[in-house]
Amino acid sequence: MKLVGNVELDNIPKIKSGKVREMFSLGDEILIVTTDRISAFDYILPSLIPNKGIILNKISNFWFNYLKDIIENHLVETEFNNFPKELKKYKDVLNGRSVIVKKANIYPLECVVRGYITGSAWEEYKKNGKVGDIILPENLKFADKLPEPIFTPTTKEVSGHDIAITFNKAKKIFGTEVVEYLQEKSIELYKKANQYALNQGIIIADTKFEFGNIDDKIIIADEALTPDSSRFWFKNEYIPGQQQKSMDKQFVRDYLLNSSWDRNSIPPKLPEDIINKTSQRYIEAYEKITGEKFNEL
Ligand SMILES: Nc1ncnc2c1ncn2[C@@H]1O[C@H](COP(=O)(O)OP(=O)(O)OP(=O)(O)O)[C@@H](O)[C@H]1O
Ligand SMILES: [Mg+2]
């Protein structure tokens with residue numbers, strides 16, 4: 001197994017290095033490589049998580065395919081063996097963790113859907129009984145299921161935290177028709193995915209989608225329903241009213257919160273056991289979602 005952090009491909013221009021993924025230009029298409037990097041509290045940590053990139057890539061591909069009747073996705077090719085000739089020599093860094101996608105104009109709107117109340121939505125609800133401009137029932141407990149999934153978009157900021165934006169404000173920026181469409185699709189995608197996940201023992205508490213435009217058609221892009229873009233809880237250990245055991249970076253966040261790091265400087269390296277437990281959680285998420293055993297490449 002090879003750990004992949006930074007990726008450089010001779011003669012293939014890098015468009016962008018995100019927190020986790022790197023994008024390379026293939027003309028009208030983009031090569032997305034999911035690395036083993038991990039971010040927390042908006043920082044890229046100086047440790048890599050074994051198999052993370054491969055797992056995120058495979059989970060995302062699984063969902064894009066599962067949800068393709070709801071909306072077209074950006075995928076062009078997911079199999080390294082079918083990649084163009086000039087990429088063949090990069091098998092050790094690309095295999096299992098990269099896809100070729102259609103280049104889209106991404107709407108700078110993070111389409112957040114919440115089926116359960118937690119995180120920043122809980123903080124807001126506690127203050128004024130609302131999330132964005134959505135009024136919620138009284139007496140909800142932390143982590144309770146909402147009567148219906150809600151759409152709580154945020155802006156996509158170039159640096160730092162994304163900022164919550166109300167549905168009405170989003171309509172003013174992007175147009176009513178577009179935002180209503182994004183809302184409808186986001187909720188439909190969430191509902192179908194959560195229904196499926198529940199049967200596999202996972203609750204998808206909330207998630208975030210990104211959509212883009214190609215030739216006036218709206219498609220889903222970026223990643224879909226991974227432990228990096230969603231909160232996954234264990235269904236058989238779900239108890240409303242308390243913190244839930246989650247399938248993502250919980251170990252990492254807990255470790256950092258208990259460390260002396262001030263969350264305002266270069267973060268520390270992670271200890272071996274935190275790295276291994278985190279890798280195990282990602283593998284568990286993959287196996288539960290796809291119903292398949294994860295085989296290391
Ligand atoms: N089909 C696509 N066409 C163009 N851009 C895409 C496409 N799919 C994903 N992207 C963009 O590629 C980047 C993926 O990188 P990554 O998720 O690591 O970035 P990030 O750190 O989350 O940064 P960002 O805040 O920009 O999302 C995102 O900026 C995403 O919007
Ligand atoms: Mg991202």
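A polar contact here is a pair of N or O atoms within 3.5 Å; within protein, one must be able to donate a hydrogen and the other to accept it, and residues adjacent in sequence count only if both atoms are side-chain atoms. With that in hand, a nitrogen atom of ligand 1 sits 3.1 Å from a polar backbone atom of D222. This is a predicted model, where local features need pLDDT of at least 70, side-chain atom pairs count only at pLDDT 80 or more, and totals for chains, interfaces and linings use all residues. Residues are numbered from 1 along each chain as its sequence is written, chains are lettered from A and ligands numbered from 1 in the order in which they are written, and side-chain values use heavy atoms, with hydrogens and water left out.

**Around ligand 1**

- E210 has an N or O atom in its side chain 2.6 Å from an oxygen atom of ligand 1.
- For H74, a side-chain N or O atom lies 2.9 Å from a nitrogen atom of the ligand.
- On its own, ligand 1 would expose 600 Å², and the protein buries 85% of that (accessible areas come from the Shrake-Rupley method with a 1.4 Å probe; for residues, only the protein chains shown count as cover).
- β2 (21-26), β3 (29-34) and β7 (98-102) are the elements that give two or more residues to the shell; helices (H or I, at least four residues) and strands (E, at least two) are DSSP runs, numbered from the N terminus.
- The ligand is surrounded by 18 residues, with K16, K19, R21, K156 and E210 the closest (a residue is near if one of its heavy atoms lies within 4 Å).
- By type, the shell splits into eight nonpolar, two polar and eight charged residues; Ala, Val, Leu, Ile, Met, Phe, Trp, Tyr, Cys and Pro count as nonpolar, Asp, Glu, Lys and Arg as charged, and the others, Gly among them, as polar.
- Domain 1 (1-103) and domain 2 (106-237) each give at least three residues to this shell, with bounds from an automatic or database domain assignment.

**The five-stranded sheet**

- Five strands make an open sheet in the order β1-β2-β3-β7-β6, with antiparallel pairing (two strands pair if DSSP finds at least two bridges between them).
- β1 (14-17) and β6 (75-77) are the edge strands, each with a single partner, so one side of each has no neighbour in the sheet.
- β1 and β2 are antiparallel over three bridges, and K16 has M23 in β2 as its bridge partner.
- Three residues separate β1 from β2 in their hairpin.
- β2 and β3 run antiparallel, joined by six bridges; L26 partners E29 in β3, and R21 partners T34.
- In the β2 and β3 hairpin, two residues lie between the strands, and G27 takes a positive phi near 75°.

**A separate pair to look at**

- β4 (residues 37-40) and β5 (residues 43-48) pair in the antiparallel sense over three bridges, with A40 opposite Y43.
- Their hairpin has two residues between the strands, and F41 in the turn has a positive phi of about 50°.
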